[in-house]
Structures are given as structure tokens and as C-alpha cells.
Amino acid sequence: MARAGKPVSGGFSPVLTVDRLAAKPLHRQIYEGYRAMIVARNLRPGQQIPSTRALAVELGISRIPVLDAYAQLLTEGYFESRVGAGTYVSSSLPDLLPSTDIGKARPPVDGSGPRKLSRQSAFLPDFHDPLWAFGSGPFSVGQLDFDHFPFSVWDSLVARHCRSVRAAALNYSDPMGSREFREAVASYLGAARAVQCEARQIMVVSGSQQALDLCARVLLDPGDKVWIEEPSYPLMRYALEMRGCRLIPIPVDAEGLDVHRGIRRSPSARAAFVTPSHQYPLGVTMSASRRLQLLDWAQTAGAWLVEDDYDSEYRYENMPIASLQGLDRSSRVIYIGTFSKTLFPALRLGYMAIPMDLVERFSAVRRVTDLFPPFLNQAVMTDFMIEGHFARHIRKTRLLYSQRRNALVQALESEFGSRLPVAGAQAGLHLVITLPDGLSDCEISAQAAAQDNLRLWPLSPCYLGKRVRQGFILGFAGTRAADMPNQVHRLKKALTPWL
Ligand SMILES: Cc1ncc(COP(=O)(O)O)c(C=O)c1O
């Protein structure tokens, strides 16, 4: 029988309970129980864990769920096994764990009744998984250079707008954002990205993520089929899954999303979400003919195209590629951009260019989610753009990041030769290396995080279907060119046992 609530001790007395009658599988209960205790520091790094046999006996359950849970915890780096000596809480965990009180959350009191959550929220993976994504490191994706950030200019603009706040700025405001800022963004997008829009079509958002979520809410209904790139940006996928959409993964080849395969697979999909300038994660730039095919399909099928142009400011080998939106003649493209890559992600500022006839619907839906964007960052960014600091910062960082990218590509070549092919390095702030068949990128990432304190973003979680490639997405923007050879050497040391 289930022994709900029975504490288990294994020489170190962790309090782990399982409930055999619960809907949640036993292996998941054990996995979550251990993980919560580790995150809450109730189990210390280096502490010994009972053997699977001992725990199974203590809990009065079969050994299989215990083995499954331990395997998962080992794969994710929460546990480490020492040959002949048993299983331990990973000894290098302290730096990796985020500050969180997740493990301290009190379970509901008995008899509190059902506590049902939405099916969509249960779809999403836990926020605290996995270890490789915590904090920053030499190859962390999304890590930028801050040594060259114009702090003094930024500080003085913030001070300017804090010193002389106009009462009018303190009121409720337009769901689309401030007029001055939208003017600045529209001029920038017209010139730098060939986006065809007026300021009236710009909506200011809290980064691309809010824009993706709004697109899903405004354009799609639960059950709608949506093309997504295979592989794709997981947070884009989750925004669509939260909406209850049916995702149709369409393979990406050297020219970007394969439109003909998309048409064969799902001709009447309601939308396609794409990253044409620098496909995430593979880094391919969508060819001109594919762009035209995609626009053609959208018009024939009556579908929407959502263009996530998240890092197009950084191109190193050829001229910037104009946006997909700029080629659109039937007002089917919603264009999304962000300052997360050009300035800093904590700014939480991005923008969309919305077809004119949809502006009212987007405004109505945005009002329900968070009313309108906060004023201060918009005011600061307006001056930052119109006084020329933004263009200067992009010029400076483009050069810097191209040096860092070159250093990474060279170091990878000298450490690995052609064994780990490099892709997608011509633009953006990350590239991809692929692993030989038979290796598991997630397993290697977990081990590198736990044992070498090295965060490697695995490629395989970006795939939705079964044909998955293993590899790593390596960010390079946050590591100085001079440090790159050392960091790649660390990478080699972490990979050597597997290669
Ligand atoms: C494909 C893609 N879109 C968007 C973003 C940026 O998101 P946000 O603007 O919400 O910070 C990222 C960040 O890594 C990304 O990789």
C-alpha cells in the first residue's frame, strides 16, 4: 500500500514522501522531492544519497521508479555517482543554483480540496530546469558584453528623466506605447531593417516574448495549426502551446524553413512563426526565394507570418538582410524586434510592427494583459536613439562581437578540427556545433555544469519531432576574444571523455 507522508531516512535523513494513489507517477514524485530538497539546500552538496534499493525498501515501492528518478537526477547534474562509493548530491552545485524559495513552499494542508491548474500551464516544463541554463558563463546564450556599455550616457539619460518627470507621464497611457518612442523605433526600422511601417503601427512591448504571446492571443485559436521551424526557439513554442495551438514542425535546411515541405505537411495552417534573418538556433539566413515562397503561401492560405527578428543587427560577413515584413504586399507579416541583444535583456523592451488594420485588436488584447508599457524606459530609450547613442553602440558592438566570433571559430577549429562542425556563425551572437551520432548533448551539458561549472546550451531541446540533432548552441558575445582560447580549451576538457 502507499505510505503517503512516511519520511525516509538513508543515513542522512532526507524527508521524502510518495503517494502511490496520486496521479503523478512515482518516479516524478521522487525526482521532484529530491530536487526541491537540493534547491532548498535541505540536502547539501556532497551529501550521500541512499542506494536505489534502500530507498525502494524504505518507501515500500518497486525499485524501477527509484531507478528512473535517480537516472534523471544524474542526467540533470543534481546527483553524481562515485564509482564503488554510491550516489551523492553533486558537489559543484552551490554556484549553479538560483536563489529560490521553491523548495520551501509549503504543501497545501490536508483537506484543502482540489487545486486544479490549467492544462496549458501543466504543459510547460518547470521553470527551474535545467542546471545548464542558470547564471552566466563563457558560452551562455543571451550573455552580452557590458564592459563597453555606455553606462555614463545611460545614467545621465535616466537621471534626466527622473529629475524632471512631467505629471502627464504618470497617467494611464496608450497600450501601443509612447508616441515619441514609437516615432524613433519606426525611423530606425525603416532605415536599418527596411520595415514598412508608420509609428502608428509600432507597439512597444516588454521584449520579444510578450510580442510572441500577444501574436498567439490575437491571431490564433486553440487547436489552430501553426508552422514552426524545426528546430526552433523553445520559448516561442511554449507561447504557442500555452494558446493550445497544434504545432507543425517544418525542417530548416541551408535556405531556412522548407516551405514546400510545409505546404505538403499542412497547407492550411493558420500561421508560421519564423526567424528569417538568423534562424534560431541553427543560424541559417532564409534565402530570397524561400521568403517569396513563404509570402506566397501565406497569401494563398490566408495565413499569418510572425517574423522574430531578434538579433539581426549583428551580421559579420555581408550586408544586412532586409526584413521579411519589407517584402510583404498583403499585410500578413507581424514583425517583432527587441533591445535584449543590442542593449541588455533586463531592459525588457521590444517592439512590434503590426499591420494597420490589426492595430486596434492588438491594442485591445494588450490592454487586458498589462495595460501599457512603463514610461521611464521608453523616455530614456527615445533620447538614446535620437541622440545617436544607439547607432554608435551597435557599430561598436558589431565590431567587438565579430572579433569574439572570429576568436571562437578559430579556437574551435584549432581544438577540434573538423570533428565538431560549426554552423550559423555569419550573424547574431551565437553559433552551433554539432556532435557525432550517439552522444547526448543534454547529458554532456548536465555533467559539464555540475562537474566543470561550464554551461553549455544543448541543441536537442530545440527540436519538437523525432529527428533530433545533438550539439551545443554557443553564445560568444560575453567572452573577450583574448579569453576565448582558454574557454574553448575548457570546453575541450569537458567534451574529451565523450568524444
Ligand atoms: C529567437 C529569439 N527570440 C527572441 C529572443 C529575445 O527575447 P526577449 O526580447 O524577450 O528578451 C531571443 C533571446 O535569446 C531569441 O533567441
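**Reading packing in a predicted model**

Guide: In this predicted model, Leu 412 is in contact, once its neighbours within four places in sequence are left aside, with Gly 417, Val 422, Leu 431, Ile 433, Leu 474, Val 488 and Leu 491.

Visitor: Which residues of the largest nonpolar core touch the most other members?

Guide: That core has 31 residues, and those that touch the most other members are Phe 139, Tyr 401, Leu 408, Leu 412, Leu 456, Leu 474 and Leu 491. Two or more residues each come from helix H13 (389–416), strand E13 (430–434), helix H14 (441–452), strand E15 (471–475) and helix H15 (484–495), and H13 gives the most, with seven residues.

Visitor: How should I read a pair of packed helices, and at what angle do the axes of H6 and H12 cross?

Guide: Two packed helices are described by the angle between their axes and by the distance between the axes. Here the axes of helix H6 (residues 179–193) and helix H12 (residues 375–386) come within 9 Å and cross at roughly 40°. Because angles under 35 degrees count as roughly parallel and those from 65 to 115 as roughly perpendicular, H6 and H12 are oblique to each other. The crossing in which H6 passes H12 is left-handed.

Visitor: Which residues make the contact of H6 and H12?

Guide: From H6 come Glu 180, Phe 181, Ala 184, Val 185 and Tyr 188, while H12 contributes Gln 378, Met 381, Thr 382, Met 385 and Ile 386. Sorted by class, the contact of H6 with H12 has seven nonpolar, two polar and one charged residues.

Visitor: Turning to Ala 194, where is its place, and what does Ala 194 count as at 34% relative accessibility?

Guide: Ala 194 lies in the loop between H6 and strand E4 (202–205). Since buried means under 20% and exposed over 50%, Ala 194, at 34% relative accessibility, counts as partly exposed. Ala 194 and Pro 320 are 126 residues apart in sequence, and their C-alpha atoms are 9.9 Å apart in space. With neighbours within four places in sequence left aside, the contacts of Ala 194 are Leu 189, Ala 322, Ser 323, Gln 325 and Gly 326.

Visitor: Where is the place of Leu 499, and which residues does Leu 499 touch?

Guide: Leu 499 is found in the segment after H15, and, with a relative accessible area of 39%, Leu 499 is partly exposed. Not counting residues up to four places away in sequence, Leu 499 touches Phe 416, Arg 419, Leu 420, Leu 435, Pro 436 and Leu 439. The C-alpha atoms of Leu 499 and Leu 439 are separated by 8.3 Å, although these residues are 60 residues apart along the chain.

Technical notes
Residues are numbered from 1 along each chain as its sequence is written. This is a predicted model: local features need pLDDT of at least 70, side-chain atom pairs count only at pLDDT 80 or more; totals for chains, interfaces and linings use all residues. Side-chain values use heavy atoms; hydrogens and water are left out. A nonpolar core is a set of buried Ala, Val, Leu, Ile, Met, Phe, Trp, Tyr and Cys residues joined through side-chain atoms within 4.5 Å. Buried means under 20% relative accessible area, exposed over 50%, partly exposed in between (1.4 Å probe, protein chains only). Helices (H or I, at least four residues) and strands (E, at least two) are DSSP runs, numbered from the N terminus. Contact means heavy atoms within 4.5 Å. Axes are lines fitted to C-alpha atoms, for helices over the stretch in contact, and angles run from 0 to 180 degrees between N-to-C directions. Angles under 35 degrees count as roughly parallel, over 145 as roughly antiparallel, 65 to 115 as roughly perpendicular and the rest as oblique. A crossing is left-handed if the near helix is turned anticlockwise from the far one by less than a right angle, and right-handed if clockwise. Ala, Val, Leu, Ile, Met, Phe, Trp, Tyr, Cys and Pro count as nonpolar, Asp, Glu, Lys and Arg as charged, and the others, Gly among them, as polar.
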